[in-house]
Amino acid sequence: MEQVAAAVVDVTKFLTACEASSQAKKTATLLKTLTVNALITGEHGVGKKTLASFILPDAFIIDASNFDELLLSLENTQAIIITNLDNSPNIERLVQAVKENNVRVIATAKDSFSHRAIDELFSVKFNIPPLRERMEDVKALIEKFVSEAIVLFGECSNFDVSNFKPDLSQNAISLKRQVMINYLLQDIQDSELMDIIEHYLYDKLGSKSDYRNYLYLYEVPLLKAGLHKFKSQVQLAESLGLNRNTLRKKITENKKYIEGKI
């Protein structure tokens, strides 16, 4: 795995491998030189907080849901980063407090957030697209996270991302978790895997049907791996030493898990 090129990752730790992220970084860089309020929107995990901290590197960061603490902070600071602005219980009061205390604000919110009061507060608003629209960034992020995994867990010669299907459900957050888990699992030993399952089950056991309830933890990975490897229920049945009817029954019983619907 090649290391991420230095030109791709800058001091903001915000990847700029595609045009959309490059434009977001340019806007953030311009805002560092200005004194205007700005709102950064986008899905969870796209890098909103990272860019906000780049614009105001020394500013206090507070979630908008902590309303009383936020109002108090606005009375004692000149610049502040407000995350999750859409969580504020009273946008009008917040806008009023910002104006009364003459505080510079860089805020973040989900991309669908809108409120009539914010237009008068934020003279600059820009959106960071989700990673599914920034596949160049996804590739660079995978390389970055693998590099971090090497530092944490040591070199793993078996790790292959050629068939890696990135989990972008929470953008960079879910992707990093996925890379770290998959990297760690490449060289995992039987005893380590059993320890993980034991830890998972310890607090869940207690009913009279636990064996039946948790058997899927063994069967589903086995079935999914077999279906992926052999591409044929006939070959999988032979490999597992099961007749085809028994295999079909087990696949039907675990369909929701196999298809990822739970």
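Reader: What radius of gyration does the protein have, against that of a compact globule of 262 residues?
Author: The protein has 24 Å, whereas a compact globule of 262 residues would have a radius of gyration near 18 Å. The radius is taken over C-alpha atoms, and the globule rule is 2.2 Å times the number of residues to the power 0.38. This is a predicted model, in which local features need pLDDT of at least 70, side-chain atom pairs count only at pLDDT 80 or more, and totals for chains, interfaces and linings use all residues. Residues are numbered from 1 along each chain as its sequence is written, and side-chain values use heavy atoms, with hydrogens and water left out.

Reader: What box do the C-alpha atoms fill?
Author: Along the principal axes, the box is roughly 75 × 45 × 30 Å.

Reader: And how many helices and strands are there?
Author: There are 12 helices and 5 strands.

Reader: How many bridges join β3 to β4?
Author: Strand β3 (residues 79–83) and strand β4 (residues 104–109) are joined by 4 bridges. I80 has V105 in β4 as its bridge partner. Contact here means heavy atoms within 4.5 Å, and angles run from 0 to 180 degrees between N-to-C directions, with axes fitted to C-alpha atoms, for helices over the stretch in contact.

Reader: Turning to the helices, at what angle do α9 and α11 pack?
Author: Helix α9 (residues 216–230) and helix α11 (residues 244–253) pack at about 115°, with their axes 11 Å apart. That makes α9 roughly perpendicular to α11, given that 65 to 115 degrees counts as roughly perpendicular, under 35 as roughly parallel, over 145 as roughly antiparallel and the rest as oblique.

Reader: Which residues make that contact?
Author: E219, L223 and L227 of α9 and L247, K250 and I251 of α11 make it. By class, the residues are 4 nonpolar, no polar and 2 charged. Nonpolar covers Ala, Val, Leu, Ile, Met, Phe, Trp, Tyr, Cys and Pro; charged covers Asp, Glu, Lys and Arg; the others, Gly among them, count as polar.

Reader: What about α9 with α10: at what angle do they pack?
Author: The angle between α9 and helix α10 (residues 233–240) is about 125°, with their axes 9 Å apart. That makes α9 oblique to α10. The contact has 6 nonpolar, 4 polar and no charged residues.

Reader: And where do the axes of α10 and α11 stand?
Author: They come within 9 Å and cross at roughly 105°, which makes α10 roughly perpendicular to α11. Among the residues in contact are V234 and A237 of α10 and R244 and R248 of α11.

How values were computed
Two strands pair if DSSP finds at least two bridges between them. Helices (H or I, at least four residues) and strands (E, at least two) are DSSP runs, numbered from the N terminus.
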